[in-house]
Amino acid sequence: MGIQLTADQVLTMAPDASSSAAGKKLANAKNWKNLGQSPEALWGECQGSALYQVRVDLSSLTIQCSCPSRKLPCKHGLGLLLLAVTTPSTVPTTEPPEWITAWLEKRAATNKRKEAKTEAKEPANGESTAAQKKTAEKRLSQVTMGIDRLDLWLNDIVRNGLGKLETQPAKFWASQKALMEDAQAKGLANRIARMADIPNSSPDWPEKLLAHLGQLALLTQAFRGLDQLDPALQEDVRQLIGWSLKEDEVIARGEKVTDNWLIVGQTTVDEDRGRSQRTWLLGATSKRQALLLQFSFAGAAFAEQYPIGIQQIADLAFWPGAAPQRAILTARRGNVSAITEPLPAAETIEDFFAEVATTLALQPWRDRFLCTLHNVIPACTGDQWYICDSSHQMLPLAEEHWKLMALAGGNPVDFVGEWDGEALLPLAILADHKYYAL
């Protein structure tokens, strides 16, 4: 049947433009020896300064190469995948060689060990339980004192008036952020850092800042009344304050959903010491939305590759909460294929906002939403770009987007974007049964 991907989808995996260009150059059979593929894997040997063995696990599109490159995937892996999808006749279906069979067996054994470790995780003994309890009580005391100081700071802002924030130096925000970090309330520190950029950022900045201050005050009050909240909302509040769950805890406690998951959009953001990546998934049957987060530091590659525009039956485990959104992919159960059929999406912008309102009623601190819409047309009025739905409602785009305009060609398309409460960041469209990452 072959690999059900397009060249564009392969190139979304490239870590940078130079890797993408180098991968394209290597997508030629003359650069390769001992090419082959099976239902489970793709392989080949590429001649560079040495003969590099390149392996691709087709269940997860994981690429491994014997070259010394720190980039993942490297140019050889991209070249092999591009060759297989653009000229599949050059990559025969055959029995895998021993070095591929051994690699697949090793990966399968590693996955089984991870599953067994999660399932068989032993409860802590009495001594460690007592130590953990003491540590938890100490942290709770630190967070509570930090929130007391934060509430005083918020009250001072309101009492003095938002106008005075116009002239406050960066230290005004940085010192409060540092206090929250010292109190082990990293989530609150991050919110303060985001608010620091709002004063003087736009004509309506006081309104925007007031909304953020209100959300922050609501969060501190929710923490003070934590015992009165539903258990699911308690989970949200603790995570938003700064308590984190390890992945094995999520797998053990979170909701599990098996579906045909569509990988519909992705954004990568540079941060102080590295990068973060948000990958949006959409369940074909459940219509559930899921957000996969990855982080990398000091130039390292992300642990997993999630090419945009593909679909696969898989298991997800969601972080506990009142309206679960963040998830971890725990198992892949089917072949990867391209998205070609219409997406599960809202018919109008009004329908999308109804979904947003329902989510905010359950979890009022949500700040990003996956927006999928049927039959929208991009438009431009002056300097502002929009998408327009079938009922002639419009939403502003976060930036101008000529590629979106060109691909749509004035025709209705299925649109995927990320809504932050003010504007849509375009992520992808489906036009003429072909998926395009933006």
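**Helix 2 and the overall fold**

Biologist: Which residues of helix 2 (residues 17-26) are buried?

Modeller: The model is predicted, and burial here means under 20% relative accessible area. By that criterion, the buried residues of helix 2 are Ser19, Ser20, Gly23 and Leu26.

Biologist: Which exposed residues does the face of helix 2 turned away from its buried side carry?

Modeller: Exposed means over 50% relative accessible area. On the face turned away from the buried side, the residues that are exposed are Ala17, Lys24 and Lys25.

Biologist: Against which elements do the buried residues of helix 2 pack?

Modeller: The packing partners include both helices and strands. They are helix 1 (7-11), strand 1 (32-37), strand 2 (41-47) and helix 3 (75-86).

Biologist: How many helices and strands has the protein, and why is it described as compact?

Modeller: The protein has 12 helices and 16 strands. For 438 residues the globule rule gives 22 Å, and the protein is as compact as a globular protein of that length because its radius of gyration is close to this, at 24 Å.

Biologist: What share of the contacts between residues at least 6 apart in sequence joins residues at least 24 apart?

Modeller: Contact requires heavy atoms within 4.5 Å. Among contacts between residues at least 6 apart, the share joining residues at least 24 apart is 61%.

Notes
Residues numbered from 1 in each chain as written. Predicted model: local features only at pLDDT ≥ 70, side-chain atom pairs only at ≥ 80, totals over all residues. Heavy atoms only, no water. Helix = DSSP H or I, 4+ residues; strand = E, 2+ residues; numbered from the N terminus. Rg over C-alpha atoms; globule rule 2.2 N^0.38 Å. Buried < 20%, exposed > 50% of the residue type's maximum accessible area, 1.4 Å probe, protein only.
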